[in-house]
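Welcome! Here is a short briefing to read with the structure open beside you.

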Amino acid sequence: MGQDTTQYQLTNRDGLSLYFHIPFCEQKCVYCDFYSIEDRSAQARFVSALVREIDLKIARYPSLEGSAVSTIFFGGGTPSLLTPEELQSIVEAITKHFVLLPDLEFTLECNPGTVTESELARYRALGANRLSFGVQSFHADELEWLSRIHSADEARDAVRFARSSGFDRVSIDLMFALPGQTMQKLAYSLKQAIELETDHLSVYNLTVEEGTPLNRMVKLHQVNEMPVDEASEMYEMVQETLSNAGFVQYEISNYAKTEAQRCRHNLVYWDGYADYVSFGPSAHEFIGGERSWNLSSLDRYLDRIEHGILPRNNSERPDLRERRIEVLFCGLRSTGVHISQFNTSFREDLRSNRELARIINEGLATIEGDILRLTTTGYRFCDNIVVRLL
């Protein structure tokens with residue numbers, strides 16, 4: 001593959017966003033469709049390859065050199081399986097080519113069953129300042145069904161360790177609409193998360209993804225998905241409970257106590273316009289109007305990198321119609337669509353959309369200044385609203 005040294009004008013006004021996919025897990029969760037593997041024998045080799053991928057990416061896109069970085073996100077997989085020394089080598093490679101802004105948001109996804117207080121303190125010393133714990137539930141039976149390796153007590157301890165290690169930004173992931181889950185059990189998990197005094201919660205509706213063990217179980221009728229109306233009731237309860245606890249919903253599944261506690265990295269994805277650069281197997285990125293993604297195979301990823309070739313699997317350049325759909329969907333599922341920017345980009349007057357007036361009259365959306373955003377009720381029907389606007 002030849003080197004493409006095209007100069008790109010990055011669109012991010014507040015700095016570039018970097019994503020690193022760490023593919024290792026101690027145990028694959030039954031519902032997860034992200035690329036991950038349980039064999040960690042190549043972990044040290046992978047870290048070396050990840051460092052080299054940064055060099056290769058800069059060679060391909062020279063205009064990235066020296067870019068200011070506003071957010072870094074380590075996802076997976078389980079990034080907290082990295083040793084502090086391995087994380088340090090990656091951070092050193094980042095600072096070799098990029099300038100980290102003083103208000104950098106540096107997120108590390110963690111499994112509560114894989115961290116110690118001393119390790120968290122060392123992560124913090126290396127610059128990580130935000131943790132996202134994949135708790136999912138505070139019930140032992142639900143954790144077992146989800147294939148999680150931690151206990152509810154370990155989840156509580158992990159959050160306390162994070163606080164004592166200097167992290168003032170800690171997020172918890174929870175899931176609802178699990179098979180057999182009751183409103184009472186969900187309410188208990190929400191209560192436990194709130195009492196840990198975290199400032200950010202991500203609460204996801206369990207979805208059945210192709211290729212997962214859960215998908216096979218559903219097809220074999222070993223598991224029944226929760227009926228849509230019951231899942232909708234749970235979603236409403238999540239919204240109401242968190243609102244009463246002082247959280248503000250800023251995306252379909254995300255809630256923060258203050259604007260400063262919102263995940264700025266994920267807001268870049270939902271912006272619909274901004275560039276983000278990604279590294280690691282299966283990682284997706286968007287640079288200069290082109291979307292590309294890496295191979296979803298650690299072996300093939302390592303082979304490419306070690307031969308001095310970027311491990312790209314494919315790429316595409318969305319046309320104007322596709323970009324219009326993406327911007328509408330991403331913006332409405334989050335903090336809203338900037339109407340003037342949308343009108344300029346797609347040569348239309350969004351305010352004149354007849355369906356929009358109906359949607360607003362139904363209480364599903366509102367226009368505040370130049371921002372079109374969904375209401376709390378509107379979040380429940382985001383996909384349908386986008387279809388109506390199209």
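In this predicted model, the largest nonpolar core holds 94 residues. Leu-18, Phe-20, Phe-74, Phe-133 and Leu-332 are the ones that touch the most other members.

**The nonpolar cores**
- Helix H1, which covers residues 43-60, gives the most to this core, with seven residues.
- Another core, of 12 residues, lies apart from the largest one; Cys-29, Val-30, Met-175 and Leu-214 are among its residues.
- What does Phe-20 contact, leaving aside its neighbours within four places in sequence? Its partners are Leu-50, Ile-54, Ile-72, Phe-73, Phe-74, Gly-75, Ile-90, Ile-94 and Phe-279.

**An open sheet of three strands**
- The three strands run in the order E13-E15-E14, and their pairing is antiparallel.
- Strand E13 (337-338) and strand E14 (365-368) are the edge strands, each pairing on one side only.
- Two bridges link E13 with strand E15 (residues 371-374) in the antiparallel sense.
- To find this pairing on screen, look for Val-337, which stands opposite Leu-372 in E15.

**A look at Gln-261**
- You can find Gln-261 in the loop between strand E8 (254-256) and helix H9 (264-271).
- Is Gln-261 buried or exposed? Its relative accessible area is 13%, which is under 20%, so Gln-261 counts as buried.
- Setting aside neighbours within four places in sequence, Gln-261 is in contact with Asp-168, Arg-169, Asp-199, His-200 and Ala-256.
- Gln-261 and Ser-189 are 72 residues apart in sequence, and their C-alpha atoms are 21 Å apart in space.

Key:
Residues are numbered from 1 along each chain as its sequence is written. This is a predicted model: local features need pLDDT of at least 70, side-chain atom pairs count only at pLDDT 80 or more; totals for chains, interfaces and linings use all residues. Side-chain values use heavy atoms; hydrogens and water are left out. A nonpolar core is a set of buried Ala, Val, Leu, Ile, Met, Phe, Trp, Tyr and Cys residues joined through side-chain atoms within 4.5 Å. Buried means under 20% relative accessible area, exposed over 50%, partly exposed in between (1.4 Å probe, protein chains only). Helices (H or I, at least four residues) and strands (E, at least two) are DSSP runs, numbered from the N terminus. Contact means heavy atoms within 4.5 Å. Two strands pair if DSSP finds at least two bridges between them.
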